[in-house]
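Good morning, everyone, and thank you for letting me take a few minutes.

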Amino acid sequence: MSNEKDLTVDADPTNSRRKFLNTAALAGLAGVGLSVGLSSCKQDSAHAPAAAAKTDAAPAPVAKAEGGKYEVPPGQLDTYYDFCSGGHSGEVRIYGLPSGRLLKRIPVFNMDALVGWGVTNESKAILGTKPDGSPKYTTGDTHHVHQSYTDGTYDGRYAFVNDKLHSRIARIRLDTMECDKITELPNVQGYHGTFPDKRDPVDAAVNRTTRVFCGAEFSIPLPNEGRDMDKPDAYRSLFTCVDADTMQVRWQVLIDGNCDLVATSFDGKLAATNQYNTEMGVHFGDMMAAERDSCLFFNVARIEQAVKDGKFKTIGSSKVPVVDGTKAANPDAKTALVCYVPLPKNPHGVNISPDGKYYACAGKLSPTCSVIQHDLVLKWFDGELKDAREAVVAEPEIGLGPLHTGFDGRGFAYTTLFLDSQIVKWNVEEAIKAFKGDKNAKVVADRIDVHYQPGHGFTSMGETKEPDGKFFISDNKFSKDRFLPVGPLHPETAQMIDISGDKMKLVADHAVYSEPHDSIIVRRDIIKTRQIYNLDDFPHAIKDAKDSGVFREGKKVTVKITSVAPAFSLPEFRVKKGDEVTIIITNHDKVEDLTHGFAIPKYDVNFLINPQQTQSVTFKAEKPGVYWCYCTNFCHALHLEMRSRMIVEA
């Protein structure tokens with residue numbers, strides 16, 4: 001990893017955008033015959049604002065006591081990206097760490113008027129549409145964000161995120177930070193956990209992500225077409241594999257119980273999910289009858305061989321191969337597709353240690369965290385273990401309501417305790433010693449209070465083979481008295497903890513908009529973004545302003561426009577009432593960050609076009625009159641004058 005000096009860059013006031021705005025603005029003003037006088041401004045000390053009065057109600061932040069150690073000064077850059085799910089907003093958010101600054105909200109399963117997600121034809125093609133051309137769904141529920149891997153660490157190509165609500169998986173290109181693919185999983189409801197593999201399970205030469213695994217939480221009749229609705233015994237859950245490159249569903253596995261979180265091994269051989277509701281109950285009481293649930297391990301190579309050998313069925317109209325991974329269908333470990341490792345009731349969350357040796361599966365209803373050894377699971381599949389429970393090598397009692405675990409690469413695990421409102425730091429090897437009977441083993445190393453009821457927790461680079469052990473983020477479900485009151489719906493709390501020393505230190509407390517679930521912390525040098533788009537990537541790009549115009553084929557009209565600050569290539573265009581109008585706009589500006597917007601009043605059109613990008617929108621011209629199409633994104637000193645007229649003739 002580069003040192004902090006290499007990762008922190010001072011802001012440059014003479015950057016290309018600033019220089020462009022200064023020169024272009026003056027040129028534009030001169031072009032319309034205006035004279036401009038510029039003068040520097042100095043703040044008069046007599047008019048400087050008075051220092052704020054000190055009050056007991058606003059104590060100094062904890063970080064101040066550390067001499068600003070965790071602050072990122074104005075104009076400097078954060079060391080990490082924090083990719084965070086947006087919960088029922090349907091989006092993904094990007095924060096900078098350690099500052100906690102919100103950098104971007106990426107629309108995925110939601111509508112977004114800022115960039116026009118769900119408005120433009122390009123975004124609708126990704127979202128999927130109804131017969132009338134409107135998005136198929138306008139809501140979503142994102143839970144887990146994970147990046148693609150190469151050689152056991154993040155490679156900056158893609159991020160994947162689930163939609164629990166409508167059982168969809170989305171892929172985000174990290175060079176543009178935009179969603180480029182969405183796939184709806186067949187025969188699934190409540191798609192919750194997701195995780196990409198870290199290398200190919202069949203071809204050892206392929207050391208990058210090739211598959212993404214998806215766990216379904218709700219059991220349903222299969223197919224869910226109105227049959228067996230009152231026969232809970234017929235309900236089933238499916239575990240799904242999606243091709244990371246094509247985003248097509250490769251196969252599904254029929255299982256017992258409901259899936260929660262998902263993890264994958266570093267050698268590519270296993271995918272895992274913690275399981276609850278072994279009973280396959282449909283009511284709360286029915287779900288709590290069994291003494292134990294399980295952590296499931298999927299032998300990926302065996303599953304793919306079974307599919308290759310034709311040992312599968314399909315469900316309903318779906319053509320996806322479905323293999324049987326239920327306990328009844330897998331009595332022999334040597335041929336089994338799935339290993340069910342018994343654990344205390346209702347485990348929550350499964351995470352693999354950076355060395356690839358162990359899985360931590362938190363208890364939730366048990367005060368324990370089960371440690372499952374990777375090579376022992378493989379031995380079970382080879383028939384060398386009589387009982388899958390033998391793969392459990394530790395089960396330390398760590399506190400009330402354990403949910404999720406992160407790792408620091410120094411042998412310590414960090415688990416969120418929902419009921420205790422704490423993060424507990426514990427040593428994996430010491431837990432194994434204690435499980436073997438060593439009464440002198442020192443398992444728990446530290447505890448720290450968080451505020452309040454932590455859900456997911458994650459360490460910096462902690463889900464790769466190179467965790468750096470610097471920070472832990474606790475995403476807490478309640479904030480109560482932490483921030484200014486803003487009505488009955490409180491913000492939630494993301495608290496940053498320094499884990500670099502023997503003792504954990506709470507160093508930052510940030511409000512986050514409801515309701516995030518999981519995040520990952522990624523070193524910034526891994527992410528390589530584009531600064532502008534490539535004009536040639538867009539098949540409908542208008543490469544020359546001379547190609548602008550209105551093109552009619554019957555009642556279908558295509559309007560082609562280019563933009564260069566501060567003007568659109570067409571000052572006006574005419575269509576007729578009842579026309580189906582498609583507007584295609586290409587932004588010809590090449591300056592970084594010189595984005596234009598395009599909005600049409602009363603027609604519900606508003607979207608952005610970034611430098612060298614092409615976007616389009618289609619609508620029906622139903623209202624005669626004059627409609628000013630204007631730039632919505634400040635781009636120039638003459639931004640307000642950047643307009644075109646749409647004239648709809650009756």
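Predicted model: local features only at pLDDT ≥ 70, side-chain atom pairs only at ≥ 80, totals over all residues.

Residues are numbered from 1 along each chain as its sequence is written, and side-chain values use heavy atoms, with hydrogens and water left out.

Let us start with D256, which sits in the loop between β12 (249-255) and β13 (258-264), where helices (H or I, at least four residues) and strands (E, at least two) are DSSP runs numbered from the N terminus. D256 is buried and yet has no salt bridge, since the nearest side chain of opposite charge, R236, is 4.5 Å away. Buried means under 20% relative accessible area, with a 1.4 Å probe and protein chains only, and a salt bridge needs a side-chain nitrogen of Lys or Arg within 4 Å of a carboxyl oxygen of Asp or Glu. What lies 2.9 Å from a polar atom of the D256 side chain? The backbone nitrogen of K327 does.

Turning to helix α8 (residues 428-435), we find V428, E430, A431 and I432 buried there. The buried residues of α8 pack against several strands, including β19 (358-362) and β24 (422-427), with contact taken as heavy atoms within 4.5 Å. At the start of α8, a side-chain oxygen of N427 comes within 3.1 Å of the backbone nitrogen of E429, and just after α8, G437 has a positive phi of about 110°.

Notes:
Buried < 20%, exposed > 50% of the residue type's maximum accessible area, 1.4 Å probe, protein only. Lys, Arg positive; Asp, Glu negative; His and termini not counted. Polar contact = N/O pair within 3.5 Å; in protein donor to acceptor, adjacent residues only side chain to side chain.
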